Amino acid sequence: MNPLAVLLPALPAVAGGALVVLRRAASAPVLALVVAVATVALAVLAAIERPAVTFELFAGFEAGLAVDGLSAVMVLTVSVIALAVLVFATGEIHESTGRFFGLMLIFVGAMLVTVTATDLVLLLMGWEVMGAMSYALIGFWWRDRDRVRSGTIAFVTTRTGDMGLYLAAGCAVAGTGSLGLPGLASAGSPWLHLVAAGLVAAALGKSAQLPFSFWLSRAMAGPSPVSALLHSATMVAAGAYLLLRTHAVLAATGWASALVAWTGALTALLLGAVAIAQRDLKQLLAASTCAQLGFMVLAAGVSAVAGGTAHLVAHASVKSLLFLGAGAWLTALGTERLRGLGGAARRYRLVGITFGIGGLSLAGVPPLSLWVTKDAVLAGVADPALRVVALVAGVLSAAYATKAVLAVWRPAPRRPEKAPPGLLERLPLPPLALLAALSGIVGIPFLYDAWTRLLGAPGPAPEAGELAVSGLSALATALATALLVTRARLRRSAEPEGGTRPGWRGAFLGGWLGLEPFAEGVVWRPLTAVARALARFDDVVIDGAVRAVPRLGMAMARRARSPFETGVDGVVRGTAALAGRLGALARKPQTGQVHTYLAQATVAAVLLAVVIVLVR
């Protein structure tokens, strides 16, 4: 039993809870950074030592935390990205810092529990805490009703999928007599299929895959550091991680792996088109997150675990870098609109260069990271139709990433500046850019075998020819996108800031495929209508029946007591009347005259004498 397995997630979680409770605003950022650095050190130590701890959580059910090859990669990724995001947040967040940094640390601790849990109970605990923290962080500026509503929508949507984990846990007990993750694939029918269905629902909801994708758009209401952490190494990555961890369960069912693979591929394709249609930088990055997570979900469906994990790690560094860059420009220029960010990269060169590296990596331009890792995923796809969909999705990723880079690098008039990015906001960008450029190195064929051995997971290596073709495809797509964007910009150069209203296709894609209105109309409104009807039934029928019971009882009691009480009352009243009359008669001799009392005594004496004579 190694306590390091417990200390790793406990340190940020406990420290975060203390910051939220104590609210020491002045020292909260410094304390959070100290804890984040210590968490990185513990993560490195855990990746080397591979600690594990097991204990009896319930009678007959064991739970535990363990760091194996896959979770070692995840704890390093989560802790390093969290440290970079918290450094940025120290320079940007200046209000309610105790609450903000406390919630962020609890969020990190919950993610570390999720990736190291060896059973469904602890995984579910970390999963639920992470969801609650995301709600609090998205609605961090709680005085803004729209932000709070966005947090609520995100929370309710992910909670809908989260119910699948409860289903999986219950069916795992029925099918295997255990809650351990390693034994899930051995469950018999129908429990295996129900476990798989629960895992898929929970993972797709958390990773914002179709049809749950719209909640990630709502998550943009939170501060930029929240978006950077939530969209990169935590929360959305948890769903992909769960599917990669339990890929054997998916494969054992026969249907779940195909469902997951196609859902991931279609999400990568459709949300890639959504990203291209966006006119807001953070919304573009959010849609691209759904699309890139689609590749990881696809990897789980085809059991390309090594490729999917490599893509997850590389995407974490790329997307945290891009969101932090977007946050720096939002602070400096006060806008997220692509048209309003023209020239931002030229004005703030460090932010612009690092953002460009992240954008080109997202596009899959060689030799940057996602070029390799995306092909490591595609190498495991055998179905020709599925492969075509994934390849088209890869082309779209080059298009939307190029659009974002061109939007911030194109020449434009200088805009009024609110506040330039500070040192702490710029400090994490170069290291993240380096990771974004190099983290895909594990996908290079001659290093890939070592990577698969580290993870202890399957996954075919990308071939050199495929890498060359995908690299040329990304470059060609980037060039074509640049030409199209430039042409469109020249055509709209005389238009006002708001631009023309998009057509129905643009509105459909820009509105995230209408997923939120669809969910609201098809699921939420009917559900709330049924809830209101049930509430009215409860108030009118059930509650009415409950209230009628005592009223009926009282009426029956009143009717039952009438004859009885009438007779008893008559006896009582007759006795009282007789006593009253006797008292009245007894008062009549009491005149107060002595001769009257003498006469009464004489009569009484005579009567007594007569009685004595008669008795004797």
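Salt bridges and packing

Author: The structure holds eight salt bridges, a salt bridge being a side-chain nitrogen of Lys or Arg within 4 Å of a carboxyl oxygen of Asp or Glu. The model is predicted, so local features need pLDDT of at least 70 and side-chain atom pairs count only at pLDDT 80 or more, while totals for chains, interfaces and linings use all residues. Residues are numbered from 1 along each chain as its sequence is written, and side-chain values use heavy atoms, with hydrogens and water left out.

Reader: Which residue does Asp68 meet in a salt bridge?

Author: Asp68 pairs with Arg245, at 2.7 Å from N to O. The two lie 177 residues apart: Asp68 is in the loop between strand 2 (61-66) and helix 3 (69-92), and Arg245 is in helix 10 (residues 236-245). Helices (H or I, at least four residues) and strands (E, at least two) are DSSP runs, numbered from the N terminus.

Reader: And Lys206 with Asp162: what is the N to O distance there?

Author: That salt bridge is 3.5 Å, N to O. It links Lys206 in helix 7 (residues 191-206) to Asp162 in helix 6, 44 residues apart.

Reader: Is Lys206 buried or exposed?

Author: Lys206 is buried, at 0% relative accessibility; buried means under 20% relative accessible area, exposed over 50%, and partly exposed in between (1.4 Å probe, protein chains only). Asp162 is also buried, with a relative accessible area of 0%. Both residues belong to a network of salt bridges that includes Glu128 and Arg159.

Reader: Turning to the nonpolar core, which residues have the most contacts inside the largest one?

Author: They are Trp215 and Trp329, in a core of 176 residues. A nonpolar core is a set of buried Ala, Val, Leu, Ile, Met, Phe, Trp, Tyr and Cys residues joined through side-chain atoms within 4.5 Å. Helix 14 gives the most to this core, with 17 residues.

Reader: How many residues of helix 14 are buried?

Author: Of its 29 residues, 27 are buried. Helix 14 is followed by Gly334, whose phi is positive, near 75 degrees.

Reader: Lastly, how many aromatic pairs are there?

Author: A search of the whole structure finds five. Rings of Phe, Tyr and Trp (its six-membered ring) pair if their centres lie within 6.5 Å; planes under 30 degrees apart count as stacked, over 60 as edge-to-face and the rest as tilted. Tyr135 and Phe155 are tilted, because their planes are at 45 degrees, with centres 5.4 Å apart.
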